[in-house]
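Please have the coordinates open while you read.

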Amino acid sequence: MQTRSKLEQKDIESLENPYRSIPAEITSIVDESPNIKTFELDPEEEIEFATGEFIQLSVPGLGEAPFTPSSSPNATDKIEVTIMEAGEVTGKLHRMEEGETVGVRGPYGKGYPLDEMEGRDVLVVGGGVGLAPLRSLLYMLTAQPDNFGKISLKYGARTPDHLIYKDQLEDWGSSVSEIDLELTVDEGDEDWEGNVGVVTNLLENLEVDTEKGVAVVCGPPIMMKFTTQSLLDHFESSDIYLSMEKNMSCGFGMCGHCQLGKYYVCKDGPVFTHDQVKDIPDLWE
Ligand SMILES: Cc1cc2nc3c(=O)[nH]c(=O)nc-3n(C[C@H](O)[C@H](O)[C@H](O)COP(=O)(O)OP(=O)(O)OC[C@H]3O[C@@H](n4cnc5c(N)ncnc54)[C@H](O)[C@@H]3O)c2cc1C
Ligand code: FES
């Protein structure tokens, strides 16, 4: 099997067809919640990515959309992507079956800076399908727990049914886990005995050494906005990492579709520090 590692910008520009996708078979599909599925893909060429970088996934004859792999970069033969149904491409993906083929190109962008996190407490805050890229990050943190301080995850979803990676959450919630996990849902059900309320409620009594900590946030814009406001009471702006989403086309800094202030999200992000983006007007719209 050939290996395709991360392409540098100059490599992308010199490619004959930088939009060329690698065919990838869907080898497994897991229903995570009423509107979210995880797809395991087996690309014809192995694709190396770093945690937090993204790929462009195409559905033959329809179009493509960006997703951040939710699997560990250390598991190199297959890639997992966790996808919420939102519109045309994601709707078609949700109707596809195991054995069908999609296209993958990339990886692109700048992911989570693991070297900046070394030796520090890491507080991870996720909302809904935003846990997807964070799962990839958590795999990397827990693969070498001695390199990091305390690892905490605060995760919220609409209802218990909308929590994704339910088996994994159970493992992470166990007493032997390296992750200090706290969950919340906007609305409970008859079996739910945990927290009810928005994820920012879980940030009120933080047991994280924020002096030596960093925070990583991914979720819907409104959740990111209020979570960031809350985190700024404890963390430096340059120690808060945010995953920014913009409509994309090329994915590698050529078309300008994904402009965010002076940045292109596809090339300069999708992971930014709050300090980098804080002065951009209408950041969360
Ligand atoms: C770097 C990056 C990483 C990402 N990673 C992930 C990930 O890991 N998982 C994930 O789930 N998503 C992720 N996303 C978001 C994902 O790319 C989008 O959800 C996807 O592009 C939507 O494509 P689509 O063709 O299905 O939707 P589109 O058809 O383009 O629709 C987009 C929007 O329009 C609305 N819409 C669509 N059709 C209609 C209609 N008929 N009437 C009214 N409104 C409509 C949808 O509700 C949606 O809000 C990521 C985005 C970026 C930029
Ligand atoms: S998607 Fe083309 S420049 Fe970012």
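1. How many of the eight residues of S8 are buried? Six of the eight are, and strand S8 is thus mostly covered. A residue counts as buried if 20 or more other C-beta atoms lie within 10 Å of its own, as exposed if 12 or fewer do, and as partly exposed in between, with C-beta atoms placed from the backbone. Strands here are DSSP runs of E with at least two residues, helices are runs of H or I with at least four residues, and both are numbered from the N terminus.

2. A word on the ground rules: this is a predicted model, in which local features need pLDDT of at least 70 and side-chain atom pairs count only at pLDDT 80 or more, while totals for chains, interfaces and linings use all residues. Residues are numbered from 1 along each chain as its sequence is written, and chains are lettered from A and ligands numbered from 1 in the order in which they are written.

3. Now the overall picture. The protein chain holds eight helices and 17 strands, and 41% of its 285 residues are buried. Its C-alpha trace spans about 55 × 40 × 35 Å along the principal axes. The radius of gyration is 18 Å, which agrees with the value near 19 Å that a compact globule of 285 residues would have; the radius is taken over C-alpha atoms, and the globule rule is 2.2 Å times the number of residues to the power 0.38. Of the contacts between residues at least 6 apart in sequence, 71% join residues at least 24 apart. A contact means that the C-beta atoms of two residues, placed from the backbone, lie within 7 Å.

4. The domain assignment gives domain 1 (3-108) and domain 2 (114-243), with bounds that come from an automatic or database domain assignment. Their C-alpha centres lie 25 Å apart. Domain 1 gives 15 residues to the contact and domain 2 gives 14 residues. On the domain 1 side, strand S2 (22-33) and strand S7 (79-84) are the elements that supply two or more residues. That side divides into five nonpolar, nine polar and one charged. In this count Ala, Val, Leu, Ile, Met, Phe, Trp, Tyr, Cys and Pro are nonpolar, Asp, Glu, Lys and Arg are charged, and the others, Gly among them, are polar.

5. Next, the sheet. Six strands form an open sheet in the order S6-S5-S8-S2-S3-S7, with antiparallel pairing; two strands pair if DSSP finds at least two bridges between them. S6 and S7 are at the edges with a single partner strand each, so one side of each has no neighbour in the sheet. From one strand to the next the twist averages 40 degrees. Angles run from 0 to 180 degrees between N-to-C directions, with axes fitted as lines to C-alpha atoms, for helices over the stretch in contact.

6. What packs on this sheet? Helix H2 (residues 88-95) does, touching S3, S5, S6 and S7, and its direction makes about 90 degrees with that of S6.

7. Strand by strand, S2 runs antiparallel to S3 (residues 36-43) over eight bridges, and isoleucine 29 has phenylalanine 39 as its bridge partner in S3. S2 is also joined to S8 by four bridges, again antiparallel, with glutamate 25 partnered by threonine 101.

8. S5 (residues 54-59) is worth a look too, with five of its six residues buried. Four bridges link S5 to the antiparallel S8 (residues 101-108); serine 58 partners glycine 103, and glutamine 56 partners arginine 105. With S6 (residues 63-67), S5 makes five antiparallel bridges, and leucine 57 stands opposite alanine 65. Three residues lie between the strands of the S5 and S6 hairpin, where glycine 61 takes a positive phi near 80 degrees.

9. Tryptophan 172 belongs to helix H5 (residues 166-172) and is buried, with 20 other C-beta atoms within 10 Å. Beyond its neighbours within four places in sequence, tryptophan 172 is in contact with Leu153, Ser177, Ile179 and Leu181. Proline 281, in the segment after helix H8 (274-277), is exposed, with 6 other C-beta atoms within 10 Å.
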